[in-house]
Amino acid sequence: MLVDVTNYPVIDNHCHPYPYSREKRPFWRCFNSTLFEQTEEMAKSTIVLHMVTNELREYMGMDPASSMDEVIAERDRRYHADPKAWVNALARDAGLEQAIVDITYPITAWKSKKFITQAELDEYYGAIESYIIRKELRFEYMYDPLIAKRLSFQAFLEDYYAVVDEAVKREKPVTFKSVIGYITGLDVGHPSFNQAEIAYYRYLQDPNDFANEKILRDFMLYDSMKLCLKYNLPLQIHTGSGNTPLCRLTKMNPLLLHDFLSDEINRQVTTVILHCGYPFLREAAYIVSHFGQAHLDVSQMVYHAGLAAETGFKELMETCPFTKVLFASDGGGIPEHTWYSAKYFKKALSRAMSDYVELGVFSRETAERYAAMVLSENARRIYRL
């Protein structure tokens, strides 16, 4: 291999907490984000679970002939015996330096209202010794509780700004985030204040009024971009695949953000397209190559999609500048998500960079510099870490 970046440090651009007490599902069920039923037979016949358990088998020094079930059982034994030691050992093995963590989690709380608790967050914070936790805050989860108060529209906005200000002071986030794609789609319009005010009151009268909910949420995202400027923070925005059926792919193509990203104010806000729009990889790369403020991360390619980092990364790099790509896992719930994503992606990145060098696209030194950008340096610059 001409280029080997497997020992490079990584900054995870986007992930979620994984307090030990929150792990409820069997390990084999943790590698598909659908909320519909997935059978054990189905999960264990996927490439991704074979790859994860292969990596774990090697990490734990098990017999190469040991079965997937034996690997999972040994993993469970070690994690349950000492969760803190297991979590930090995995992070060190992955070279994880920092992680940008969405502490307003999980997405299903948008419907269930069962957010991660402060006790669970404190448990997670207390367990982590091997890397630095950075925080991100979702706009929707700061203003959604205020809608239920049925305030005047002006009072609703004023309370929202106050909630954001308090959260920024308390949590010291490095970025904001929007999950508007999950709720009303990425085809974000630009309603006026008066249109949003009318939509707000109509939505209060009928919470099932999707048309007016969309007008309200579109306005709130545009309005919240001013908060990005006020606090000098980037925006992360969910695109591509997610938790089916809450996440409908027909609303998640990054191309739908064209008009939103073209707005004069929004062009001043550094924006990271999460999940590389997967499976809309080329569309995400196109958007990023045309908008100076736009970047993307590689989550959803890893850990969700088998060998996608082998093929998808090269699709992204057909048009996407290396200065605009960030490593991320979208991991959450179990520590292996971020660990495996970093281990696998660094191997895939090494192979891709070696191919580019062999083809004469650029030198090995340039390849190593670009790889460092993707794995950590772009995140360090964007979030001022």
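In this predicted model, Trp-86, Leu-90, Asp-93 and Ala-94 of helix H4 make contact with Glu-336, Trp-339, Ala-342, Lys-343 and Lys-346 of helix H15. Sorted by class, the residues of this contact comprise 5 nonpolar and 4 charged ones, with no polar residue among them. The two helices, H4 spanning residues 83-94 and H15 spanning residues 336-358, have axes that come within 9 Å and cross at roughly 15°. Because angles under 35 degrees count as roughly parallel, H4 and H15 are described as roughly parallel to each other, and the crossing in which H4 passes H15 is left-handed.

H4 itself has 12 residues and reaches 17 Å from its first C-alpha to its last, which is close to the 16 Å expected at 1.5 Å a residue. Its buried residues are Trp-86, Val-87, Asn-88, Leu-90, Ala-91 and Ala-94, so that Trp-86, Leu-90 and Ala-94 are buried and also take part in the contact with H15, buried here meaning under 20% relative accessible area. The partners against which the buried residues of H4 pack are strands E1 (10-15) and E2 (96-102) together with helices H2 (47-59), H3 (68-81), H6 (118-127) and H15. After H4 comes Gly-95, whose phi is positive, near 75°.

Two of those partners, H2 and H3, also pack against each other, at an angle of about 60° and with their axes 10 Å apart; they are therefore oblique to each other. H2 passes H3 in a left-handed crossing, and the contact involves Leu-49, His-50, Thr-53, Leu-56 and Arg-57 on the H2 side and Met-68, Val-71, Ile-72 and Arg-75 on the H3 side. By class, this contact of H2 with H3 holds 5 nonpolar, 2 polar and 2 charged residues. The loop between H2 and H3 contains Ser-67, which counts as partly exposed because its relative accessibility is 31%. The C-alpha atom of Ser-67 is separated by 25 Å from that of Ala-309, a residue 242 residues apart from Ser-67 along the chain.

Another helix pair is formed by H7 (residues 140-147) and H11 (residues 210-231), which pack at an angle of about 135° with their axes 12 Å apart, an arrangement that makes H7 oblique to H11. The crossing of H7 past H11 is right-handed, and it brings Glu-140, Tyr-143, Asp-144 and Ile-147 of H7 into contact with Leu-216, Arg-217 and Met-220 of H11. The residues of this contact divide into 4 nonpolar, no polar and 3 charged.

Loops that follow these two helices each hold a residue that has a positive phi although it is not a glycine. Arg-150, in the loop between H7 and helix H8 (153-171), has a phi of about 55°, and at 53% relative accessibility Arg-150 counts as exposed. Asn-232, in the loop between H11 and strand E5 (235-238), has a phi near 55°, while its relative accessible area of 48% makes Asn-232 partly exposed.

Cis peptide bonds complete the tour. The bond from Tyr-278 to Pro-279 is cis, with omega near 10°, and Pro-279 is placed in the loop between strand E6 (271-274) and helix H13 (281-290). A cis peptide bond also joins Val-302 and Tyr-303, with omega about 10°; Tyr-303 belongs to the loop between strand E7 (294-297) and helix H14 (308-316).

Key: Residues are numbered from 1 along each chain as its sequence is written. This is a predicted model: local features need pLDDT of at least 70, side-chain atom pairs count only at pLDDT 80 or more; totals for chains, interfaces and linings use all residues. Side-chain values use heavy atoms; hydrogens and water are left out. Axes are lines fitted to C-alpha atoms, for helices over the stretch in contact, and angles run from 0 to 180 degrees between N-to-C directions. Helices (H or I, at least four residues) and strands (E, at least two) are DSSP runs, numbered from the N terminus. Angles under 35 degrees count as roughly parallel, over 145 as roughly antiparallel, 65 to 115 as roughly perpendicular and the rest as oblique. A crossing is left-handed if the near helix is turned anticlockwise from the far one by less than a right angle, and right-handed if clockwise. Contact means heavy atoms within 4.5 Å. Ala, Val, Leu, Ile, Met, Phe, Trp, Tyr, Cys and Pro count as nonpolar, Asp, Glu, Lys and Arg as charged, and the others, Gly among them, as polar. The expected span of a helix is 1.5 Å times one less than its number of residues. Buried means under 20% relative accessible area, exposed over 50%, partly exposed in between (1.4 Å probe, protein chains only).
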